[in-house]
Amino acid sequence: MNEDTKIDSKKTAKILNVAIIAVIIIAGIIYALFTEGDNIVFDISEEGINISGPENSGFSIPYSYIISIEENENAQYGNAVDGNEDQKFRYGLWKNEEWGTYKLCASVKNTKCIVVTATDDIYVFNYGNAAETDELYTNIIELLSSVKIDN
């Protein structure tokens, strides 16, 4: 192998390494863009229920604000006022005939939801599928009874 061939091999290897790194970085960016906010996160704290959804949507419901909580088997969510719907979620401010204007954070595939009427607003949310929403509802009811909030 002569000197020119060694230099060309080193250049080719360097270009190949840079290309591989670029592809990895681009793949990581694409993955981050399409998976960011890819789920609804519930945080049950000492003060209340905190729900985070896609695109920084979500809300906090202090226990002391809760007037009532119920499950709805087949929600008709209505239309977005200042919200959005994508392939997986509905979120933001919505309006329908049943609840008027309300805050929503829910999975599109699940029509079962939890409706919280609070002193400041109405909040509607669900989790995963109907069974997971049932379990979440039961856990919230148990928690509310332990913090002595009438529902």
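Which residue in S3 is the bridge partner of Ile51? Keep that in mind as you open the model, which is predicted.

**Stop 1**

**Stop 1**

Now select Ile51 and find its partner across the way. The bridge partner in S3 is Phe59. Show side chains here if you like. In a regular strand, side chains alternate between the two faces of the sheet.

**Stop 2: the hairpin**

Move along the chain. Select strand S6 (residues 89-96) and strand S7 (residues 100-107). The two strands form a hairpin, with three residues between them. S6 and S7 run antiparallel and are joined by eight bridges. Next, click Asn96. Opposite Asn96 stands Gly100 in S7.

**Stop 3: the other partner of S7**

Keep S7 on screen and select strand S9, residues 122-125. Which way do S7 and S9 run, parallel or antiparallel? They run parallel, and three bridges join them. To see a bridge pair, select Leu104 and Val124: Val124 is the bridge partner of Leu104 in S9.

**Last look**

Show S6, S7 and S9 together. S7 is joined to S6 by eight bridges and to S9 by three. Trace each strand and check its direction.

Methods. Residues are numbered from 1 along each chain as its sequence is written. This is a predicted model: local features need pLDDT of at least 70, side-chain atom pairs count only at pLDDT 80 or more; totals for chains, interfaces and linings use all residues. Side-chain values use heavy atoms; hydrogens and water are left out. Two strands pair if DSSP finds at least two bridges between them. Helices (H or I, at least four residues) and strands (E, at least two) are DSSP runs, numbered from the N terminus.
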